[in-house]
Amino acid sequence: MKKILLASAMILLSLSMNAEDIIISDLNLYNPDVRKCLLEASEQDGWELKSVYMNSSDELVMVFDKGNTTKIYKSK
């Protein structure tokens with residue numbers, strides 16, 4: 001019984017440590033001017049661009065980090 005409780009506690013802790021803010025935006029990330037504005041505004045607030053990629057749904061995804069927080073912008 002103690003092993004089950006310990007395993008459950010470890011799973012809960014690991015899930016809370018990987019929290020991310022997923023932002024599905026109406027921004028047209030395919031537009032270079034929109035991407036530039038998002039990059040400039042994010043950098044001014046201390047966010048660092050970590051990744052840009054196309055997901056399996058052919059949506060453009062931009063990942064920003066700031067400390068232990070991650071924000072993910074997806075284009076529709």
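Is Thr70 buried or exposed? Thr70 is buried, at a relative accessible area of 13% (buried means under 20%, exposed over 50%, partly exposed in between, with a 1.4 Å probe and protein chains only). This is a predicted model, in which local features need pLDDT of at least 70 and side-chain atom pairs pLDDT 80 or more, while totals for chains, interfaces and linings use all residues. Residues are numbered from 1 along each chain as its sequence is written, and side-chain values use heavy atoms, leaving out hydrogens and water.

**View 1. Thr70 and its partner Asp65.** Look for Thr70 in strand S4, residues 69-74 (strands are DSSP runs of E, at least two residues, numbered from the N terminus). Its side chain makes a polar contact with that of Asp65 at 2.7 Å (a pair of N or O atoms within 3.5 Å, one able to donate a hydrogen and the other to accept it).

**View 2. The largest nonpolar core.** Strand S3, residues 60-66, gives the largest share, three residues.

**View 3. Salt bridges.** The whole structure holds two (a Lys or Arg side-chain nitrogen within 4 Å of an Asp or Glu carboxyl oxygen). Glu48 pairs with Lys50 at 3.7 Å, N to O; Glu48 is partly exposed at 45%, as is Lys50 at 47%. Lys74 pairs with Glu59 at 3.5 Å. Lys74 lies in strand S4 and Glu59 in the loop between S2 (48-54) and S3, so this pair ties together parts 15 residues apart in sequence.

Notes:
Helix = DSSP H or I, 4+ residues; strand = E, 2+ residues; numbered from the N terminus. Core = buried A, V, L, I, M, F, W, Y, C linked by side-chain atoms within 4.5 Å.
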